[in-house]
Amino acid sequence: MWFFARDPVRDFPFELSPELPEGGPPGPWVLHRGRKKATGSPVSIFVYDVKPGVEEQTQVAKAAFKRLKTLRHPNILAYIDGLETDRCLHIVTEAVTPLGAYLKARAEAGDLRELELSWGLHQIVKALSFLVNDCSLIHNNVCMAAVFVDRAGEWKLGGLDYMYSAQGNGGGPPRKGIPELEQYDPPELADGSGRAVREKWSADMWRLGCLIWEVFNGPLPRAAALRNPGKIPKSLVPHYCELVGANPKVRPNPARFLQNCRAPGGFMNNRFVETNLFLEEIQIKEPAEKQKFFQELSKSLDSFPEDFCRHKVLPQLLTAFEFGSAGAVVLTPLFKVGKFLGAAEYQRKIIPVVVKMFSSTDRAMRIRLLQQMEQFIQYLDEPTVNTQIFPHVVHGFLDTNPAIREQTVKSMLLLAPKLNETNLNVELMKHFARLQAKDEQGPIRCNTTVCLGKIGSYLSAGTRHRVLTSAFSRATKDPFAPSRVAGVLGFAATHNLYSMTDCAHKILPVLCSLTVDPERSVRDQAFKAIRSFLSKLESVSEDPTQLAEAEKDVHAASSPGMGGAAASWAGWAVTGVSSLTSKLIRAHPTAAPAETNVPQRPVPEGLPAPAPAPVPATPTTSGHWETQESKDAEEDSTAGDRWDDEDWGSLEQEAESVLAQQDNWSTGGQASWAGQTSNPGHKSQESDWSSWEAEDAWEQGWQEPSPPEPPPEGTRLASEYNWGGPEPSDKGDPFAALSVRREAGAQPRRDSWGDDNWEGLEAESRQAKAELARKKREERRREMEAKRAEKKTAKGPMKLGTRKLD
């Protein structure tokens with residue numbers, strides 16, 4: 001029987017890579033890149049080949065193998081595995097790069113920063129302090145070749161070949177025999193008399209001074225070059241001079257050197273070092289300290305190295321969310337760091353956390369997720385959006401906080417392309433119908449109309465035909481002037497989605513009624529839209545062959561490409577109008593309101609009509625609409641009352657400060673509305689609003705929201721404040737008197753096409769069936785009661801003690 005000896009190198013769980021990293025350490029060790037066979041994770045492998053005749057050097061290599069295996073410190077090269085045979089020594093460590101090669105690559109990329117160098121030197125000094133003060137060991141080989149950098153940019157101290165004990169129980173320092181390393185020895189070692197009095201750390205601190213010189217100036221040509229600091233920062237020069245002083249007795253202890261450099265104005269007293277020190281001790285920090293740290297972290301991330309953010313900050317952020325109580329404060333720095341990740345890494349690390357965050361009931365977290373959705377929406381696939389994110393997002397439509405409702409509406413611009421048929425054409429449309437018809441905040445109703453116009457191309461052909469005309473028509477009757485403008489612009493932006501018959505019978509009658517609107521901005525946009533639709537109808541009338549081309553998108557399936565035309569038709573409404581809600585939140589109920597500039601309903605003849613609030617809107621930029629009205633757009637661009645140019649503030653910033661309060665934000669608006677109804681001067685406006693809502697209900701049988709609590713006295717509607725427009729003019733609006741007839745009518749006239757019901761015939765059919773079933777049950781119950789009464793009357797009451805016979 002034959003026995004074959006197994007090769008330990010072949011069975012080693014790590015394999016070598018043939019190339020060598022630039023700047024490998026001098027001496028017998030050769031640095032290889034490698035990977036773990038089982039997982040493929042990268043590692044570094046130091047290889048020493050045993051050769052005959054160099055027994056002393058082999059003993060030094062074996063001593064280094066033993067030292068690295070037993071020493072554990074965050075700033076010392078981390079040992080993973082090792083292999084010792086008669087032919088070679090293998091030391092496997094974390095994946096690192098020699099410091100010389102790392103600095104050269106960073107300098108060539110122009111990305112080497114002083115902050116990074118300050119933290120790297122801090123780590124090396126801290127490692128020396130651990131060896132000298134805690135372990136009583138002298139490193140005896142501090143130089144550029146003994147320092148390595150991991151993937152996070154952390155500096156690690158290696159090169160433990162010539163280490164010896166400071167207590168002298170292991171003999172003196174081993175002989176190096178390598179000229180490249182001996183040039184870093186302090187001058188007192190060259191004095192054979194031994195008369196120099198020195199501390200145990202004196203030699204290593206001299207070598208630290210040499211390392212500092214090389215970090216800022218390049219390779220050290222000779223010891224005499226240390227006299228010139230060169231490019232060493234001025235804040236570090238005094239401490240550097242202490243290290244390379246001729247008197248070894250005055251060289252500071254490593255711990256003392258760190259303390260000096262961390263003093264106010266010191267080289268290591270900066271935000272980057274403080275951030276790293278906090279991350280090293282984050283597990284023992286108080287929750288309040290963690291909250292403050294994460295809040296301030298995002299401001300500093302732009303100045304931090306990318307590798308540091310990816311490999312050190314990101315794991316701490318994920319851990320803080322997963323196992324800590326950091327909450328919403330980790331979102332901003334998390335998404336900021338996520339920009340440095342590739343698509344696959346982002347999908348693996350960030351997306352699972354984001355999906356979990358959407359299920360949170362924390363309002364602050366929900367609104368921050370909605371605000372920053374643009375940063376991660378591209379990494380979400382459609383199944384994840386429809387099954388794990390959208391069901392949680394839609395709860396925001398019902399939230400009592402108007403800021404959350406508004407951000408939820410805005411988020412639909414990003415989610416709509418990824419929603420399936422049911423979520424987009426059924427669920428989302430139900431919520432949009434309720435918001436546009438019943439939300440007490442005018443800006444939210446306006447933004448709902450804007451969002452619907454932008455996502456209209458993603459809807460199915462049937463939904464577009466049933467919803468768009470009805471929704472935009474309803475918006476044109478909103479008492480909030482910007483909502484009426486949004487309705488007109490919605491028609492113009494989606495003009496390619498309507499048949500010629502709908503344009504003539506449904507859209508133009510609605511637009512014509514707005515030509516006498518009290519607000520000039522509404523009238524201006526209505527005239528533009530009318531001219532555009534008339535031009536389209538006229539071109540088809542002159543050349544009927546163009547009908548197919550003009551209606552090619554009417555029955556087409558939903559397509560992302562169709563939404564490009566409406567991409568920016570009313571961007572002002574999403575950004576500028578949203579701040580109206582912010583102003584409503586900021587306004588104190590008891591504070592004196594600003595001069596009102598409400599889009600008033602017409603007053604009786606003989607009285608001066610109030611000047612309308614200027615609410616200009618940007619012209620649409622959609623296809624034929626853009627080319628037809630380019631001249632009018634130029635006129636609008638010179639108008640002074642533009643919403644875009646106003647400093648509206650930030651709804652999100654104001655909302656975050658009040659999210660923790662338990663007050664119902666909606667009570668303010670509802671209370672204001674209740675107060676207005678009790679005022680005779682506002683009776684006409686309230687009646688118009690009620691008739692507008694009753695006339696064009698998108699849905700039938702939806703549950704009405706519970707009535708809010710009574711409002712604080714003096715609360716006003718968002719539409720009644722002067723939001724930064726010019727002072728009202730004393731001159732009445734000649735068009736205002738023309739619309740008195742709108743109020744004079746006893747009953748609002750129904751639209752002739754009668755397709756205001758968004759849920760269509762199916763909902764009516766379901767209601768009819770339910771009503772019929774209820775009537776049948778009621779008739780059956782009455783029949784059974786009548787039969788029982790007849791039997792009781794015929795037989796009479798049963799006597800006590802008698803037995804009923806069959």
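In this predicted model, glutamate 199 and lysine 249 form a salt bridge, with their closest N and O atoms 2.7 Å apart; the term stands for a side-chain nitrogen of Lys or Arg within 4 Å of a carboxyl oxygen of Asp or Glu. Because glutamate 199 lies in the loop between helix H5 (187-190) and helix H6 (202-217), and lysine 249 in the loop between helix H7 (237-243) and helix H8 (254-261), the pair ties together parts that are 50 residues apart in sequence. Helices (H or I, at least four residues) and strands (E, at least two) are DSSP runs, numbered from the N terminus. Glutamate 199 is partly exposed at 26% relative accessibility, and lysine 249 is partly exposed as well, at 44%, where buried means under 20% relative accessible area, exposed over 50%, and partly exposed in between (1.4 Å probe, protein chains only).

This is a predicted model, in which local features need pLDDT of at least 70 and side-chain atom pairs count only at pLDDT 80 or more, while totals for chains, interfaces and linings use all residues. Residues are numbered from 1 along each chain as its sequence is written, and side-chain values use heavy atoms, with hydrogens and water left out.

A search of the whole structure finds 26 salt bridges. One of them joins lysine 312 to glutamate 154, whose closest N and O atoms are 3.0 Å apart. Lysine 312 belongs to helix H11 (residues 306-323), whereas glutamate 154 sits in the loop between strand E8 (147-150) and strand E9 (155-157), 158 residues apart, and both residues are buried. Another salt bridge brings together the side chains of lysine 336 and aspartate 302 (3.4 Å, N to O); lysine 336 lies in helix H12 (residues 331-338) and aspartate 302 in the loop between helix H10 (287-300) and H11, so this pair connects parts that are 34 residues apart in sequence. Here lysine 336 is partly exposed, at 23% relative accessibility, while aspartate 302 is exposed, at 56%.

Turning to the sheet, five strands form an open arrangement in the order E1-E2-E3-E5-E4, with antiparallel pairing; two strands pair if DSSP finds at least two bridges between them. Strand E1 (14-16) and strand E4 (79-84) stand at the edges with a single partner strand each, so one side of each is left without a neighbour in the sheet. E4 is joined by five bridges to strand E5 (residues 88-94), and the two run antiparallel; glycine 82 stands opposite isoleucine 91 in E5.
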